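The sequence and model come first.

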Amino acid sequence: MSDPTRPIGPKIVAVANQKGGVGKTTTSINLAAALAEQGRKVLLVDLDPQGNASTGLGIEVDDRILTTYELLLEDVDLNEAILPTAVENLSIIPATVDLSSADLELISNEKRSFLLHDALRQVQMDAFGFDYVLVDCPPSLNLLTVNAMIAAHSVLVPLQSEFFALEGLSQLMLTIREVRQSGNKDLRIEGVVLTMYDQRNNLSLQVEQDARDNLGDLVFKTVIPRNVRVSEAPSFAMPVLNYDPASRGAKAYRELAMEFIRNNARQKVEA
Ligand code: ADP
Ligand code: MG
């Protein structure tokens, strides 16, 4: 039975890992695009001051008028902040470098950890018809990432298939526990997805083995291969699914989306 106290509305997923360069933005863009391709309505919230998700989806800096900075610090009309992208069913709230000062500006704000949660309430009330909201987090466990985790139903963790990949996960898990204690007790771990996987490389196999041994079912069965088409796509301002739909990277993100959708159907039944 579904939980009658849970508001009907989109599922909000924070894509987080405090390490930079592990595939957070790539996964946010391409999982979002793959869900959109399946006919789901998806909102991507760019919560990284680097704005890579915004750039990767072709949102020019000049067009980023209302951004996640205003979303957190001012009263904004979501109708104006949400921008369409070239991908059908996929919208975005972009970010600019302005967001880099938000962390400091928020410190004295009593509601500092709940600002994204409150800002997304309108979306949560289902006024927009989104099925999923993905939040692309910055490479840090700062107040922005905490805002994402407080607002989210679950955290999806990209893990780069390289040495030391699992290091730092305990810090991330600790933050998730703290968030559960400080306002979002139902926060789940959506799963850990291995990125930039190279099956010819023993190290990738070893990292996968370690991750599966330590984290069990939390690790997605789908792994994302290292694929040059994935890294080229952002400079053409599109997801790899559109840039090269037949590439290994596009296929992997489609498979990840299917696994994600299946897991969510199961979670709904269990809830
Ligand atoms: P993060 O958001 O965690 O900092 P990114 O998603 O920006 O990480 O990825 C870091 C770099 O790795 C980018 O240059 C990106 O294009 C590249 N990259 C990510 N995933 C893949 C992949 N599967 N294959 C090849 N390159 C990738
Ligand atoms: Mg990023």
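In this predicted model, strand β2 (residues 42-46) runs parallel to β5, with five bridges between them. Strand β1 (residues 11-15) is likewise parallel to β5 and is joined to it by five bridges.

**Strand β5 and its partners**
- Leu44 has Leu134 as its bridge partner in β5.
- Strand β5 (residues 132-136) is largely enclosed by the rest of the structure, because five of its five residues are buried.
- In a regular strand, side chains alternate between the two faces of the sheet.
- In β5, one side carries Tyr132, Leu134 and Asp136 and the other carries Val133 and Val135; all of these are buried, and both faces are covered.

**Nonpolar core**
- The largest nonpolar core has 82 residues, and Val135 and Ala148 are the members that touch the most others.
- Beyond its neighbours within four places in sequence, Val135 contacts Ile12, Val13, Ala14, Val15, Val45, Leu47, Ala148, Ala151 and Ala152.
- Nonpolar side chains tend to be buried together in soluble globular proteins.

**Shell around ligand 1**
- Ligand 1 is surrounded by 17 residues, of which Lys24, Thr25, Thr26, Val230 and Ser231 are the closest.
- Two or more shell residues come from each of α1 (24-37) and α11 (228-232).
- Helix α1 gives the largest share, three residues.
- The shell consists of ten polar, five nonpolar and two charged residues.

Definitions and conventions:
Residues numbered from 1 in each chain as written. Chains lettered and ligands numbered in written order. Predicted model: local features only at pLDDT ≥ 70, side-chain atom pairs only at ≥ 80, totals over all residues. Core = buried A, V, L, I, M, F, W, Y, C linked by C-beta atoms within 7 Å. Buried ≥ 20, exposed ≤ 12 C-beta atoms within 10 Å, placed from the backbone. Contact = placed C-beta atoms within 7 Å. Helix = DSSP H or I, 4+ residues; strand = E, 2+ residues; numbered from the N terminus. Pairing = 2+ DSSP bridges. Near = placed C-beta within 6 Å. Nonpolar A, V, L, I, M, F, W, Y, C, P; charged D, E, K, R; others polar.
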